[in-house]
Amino acid sequence: MQSSGASSTRNCVSCGRAMAWDANVCPYCGHDYRATMAGAPQQKKESAMPLIGGILIILSSLGYFAGGGILAAGSAFFMDVGGGWGVLCGVVLIVLGIISLMGGIFAVQRKNFALALIGGIFVVPSILGLIGLILVAVSKDEFKS
Ligand SMILES: [Zn+2]
């Protein structure tokens, strides 16, 4: 029956088994292709807001790396006079920078809204970061999750 091959079948994106090309629902796993197609046009209302917000958050996170790096390095120099806390604070700032950087990258990719938002929250002390956070927050619908 299916000897003519690939032109009349396709592989289900969900379970990978061959199914009729024009089937609306996969007979094996029940994956509904009508829902997928109906949802697709909504993807077009993408704005540049997550991208710009993500870039602002990434730029702001660099401040954490710079500040944390300088603080940690400077404090390490004065380690014998109680610089240990400064090193710790510097490391904390760098960790915050890493979280913010990841959040910014997620925002650019429009995925993992929660982590993008957290990254944005950490850079709020920077005005660029605040703007980035707002841009990410208002474009929640454009995120994949
Ligand atoms: Zn399937």
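# Briefing: a helical chain with a zinc site

Along the sequence, the chain runs in the order β-β-α-α-α-α-α. This amounts to five helices and two strands, where helices (H or I, at least four residues) and strands (E, at least two) are DSSP runs numbered from the N terminus. The model is predicted, so local features need pLDDT of at least 70 and side-chain atom pairs count only at pLDDT 80 or more, while totals for chains, interfaces and linings use all residues. Residues are numbered from 1 along each chain as its sequence is written, and side-chain values use heavy atoms, with hydrogens and water left out. Of the 145 residues in the chain, 29% are buried; buried means under 20% relative accessible area, exposed over 50%, and partly exposed in between (1.4 Å probe, protein chains only).

**Zinc site**

- Four cysteines supply the protein donors of the zinc ion through their SG atoms: Cys12, Cys15, Cys26 and Cys29.
- These donors lie 2.2 to 2.3 Å from the zinc ion; a donor is an N, O or S atom within 2.8 Å of the metal (3.2 Å for Na, K and Ca), and sites may look incomplete because water is not among the atoms.
- The site is tetrahedral, with angles of 105 to 114° among the four donor atoms; four donors count as tetrahedral if all angles lie between 85 and 135 degrees.
- The spacing of the donor residues in sequence is C-x2-C-x10-C-x2-C.
- Cys12 counts as buried because its relative accessibility is 4%, whereas Cys15, at 29%, counts as partly exposed.

**Helices H2 and H3**

- Helix H2 covers residues 49-77, and helix H3 covers 84-109.
- The two helices pack at an angle of about 165°, with their axes 7 Å apart; axes are lines fitted to C-alpha atoms, for helices over the stretch in contact, and angles run from 0 to 180 degrees between N-to-C directions.
- H2 and H3 are therefore roughly antiparallel to each other, a term for angles over 145 degrees, while those under 35 count as roughly parallel, 65 to 115 as roughly perpendicular and the rest as oblique.
- Their crossing is left-handed, meaning that the near helix is turned anticlockwise from the far one by less than a right angle.
- In the contact of H2 with H3, 21 residues are nonpolar, 11 are polar and none is charged; Ala, Val, Leu, Ile, Met, Phe, Trp, Tyr, Cys and Pro count as nonpolar, Asp, Glu, Lys and Arg as charged, and the others, Gly among them, as polar.

**Loop between H3 and H4**

- Arg110 lies in the loop between H3 and helix H4 (113-122), and Asn112 is in the loop between these helices too.
- Arg110 is not a glycine, yet its phi is positive, at about 60°.
- Asn112, also not a glycine, has a positive phi of about 55°.
- Arg110 counts as buried because its relative accessibility is 12%, while Asn112 is partly exposed, with a relative accessible area of 27%.

**Helices H4 and H5**

- H4 packs with helix H5 (residues 127-138) at an angle of about 160°, and their axes are 8 Å apart.
- H4 and H5 are therefore roughly antiparallel, and H4 passes H5 in a left-handed crossing.
- Ile118 is found in H4 and is partly exposed, with a relative accessible area of 36%.
- Ile118 and Gly104 are 14 residues apart along the chain, and their C-alpha atoms are separated by 9.5 Å.

Methods
Four donors count as tetrahedral if all angles lie between 85 and 135 degrees; four count as square planar and six as octahedral if opposite donors are over 155 degrees apart and all others between 65 and 115; anything else is irregular.
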